[in-house]
Amino acid sequence: MIFSTKVTAIFNCSLERAFKTPMLCDITKVHTGFGFTPKVTHCTEDEQWGKPGYSKKVFVAKNIVQKGGFASTDTVLERIENEYWKIEVGNFQSWLLGFTKFVGEWKTTKLEPDKIRIEYTYTLYADNAILYPLNWLFTKTFWKIYMKRVLENIRKMAENKEPYLYK
C-alpha cells in the first residue's frame, strides 16, 4: 500500500539555494531527531552523493526505537537541476511499522527573484495489510509534522547560505 503526504513553503533565497540545500548540505542539520525519529549523526559511502543512481549510508543516534548506527540507505533517483529531486530511503535496519521504503520529492518553483515555492512530498510504501490503518495515521500525522520540522531546518540553512558538502 502507498501513503503520501505533502507540505509546501516559500523560501526567501536564490533558486539554486532552495534546490541544492536539502540534498547537498549537512544532513545532520536537517534530520535533527523528533519523537521516534532519531537524529542523523553522519553518512558514509557518500563520495558521489547528489548524482542520480548514487547512494549513501545514513547513521543515526540511539533512541527509544533505534539501537543507533547504520539505519538506512538514501539513493538519488532523479535530479533535474534547480527544479526537482527524487530520492529513495530504503534498506531499513530496524522495523518501521511495516514500511519497506520511503520516496521523497523536492520541487522548487521560482515565483520571483529570491522567492521560491517548495513542494516537499513523501510517499511511504508498506506491505502488511494489518498495519495499513496505523501506516495511514503515521503518514498523515507524525510524518507530516516531522516533514514540517525538516522543511524549517532546510529553510534556515538555505536562507543563511549554509555551505554545501557535496557537488
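**Salt bridges and their surroundings**

Tutor: Lys20 and Glu16 both lie in helix α1 (residues 15-24), four residues apart, about one turn of the helix. Helices (H or I, at least four residues) and strands (E, at least two) are DSSP runs, numbered from the N terminus. This is a predicted model, in which local features need pLDDT of at least 70 and side-chain atom pairs count only at pLDDT 80 or more, while totals for chains, interfaces and linings use all residues. Residues are numbered from 1 along each chain as its sequence is written, and side-chain values use heavy atoms, with hydrogens and water left out.

Student: How far apart are the closest N and O atoms of Lys20 and Glu16?

Tutor: A salt bridge is a side-chain nitrogen of Lys or Arg within 4 Å of a carboxyl oxygen of Asp or Glu. Lys20 and Glu16 form one, and their closest N and O atoms are apart by 2.8 Å.

Student: Is Lys20 buried or exposed?

Tutor: Buried means under 20% relative accessible area, exposed over 50%, and partly exposed in between (1.4 Å probe, protein chains only). Glu16, at 38%, counts as partly exposed. Lys20 has 16% relative accessibility, so Lys20 counts as buried.

Student: Which residue forms a salt bridge with Lys57?

Tutor: Lys57 lies in strand β3 (residues 55-60), and its partner is in the loop between β2 (40-44) and β3, so the pair ties together parts twelve residues apart in sequence. The closest N and O atoms are 3.6 Å apart, and the partner is Glu45.

Student: How many salt bridges does a search of the whole structure find?

Tutor: Another pair is Arg155 with Glu152, at 2.9 Å. For the whole structure, the search gives a total of eight.
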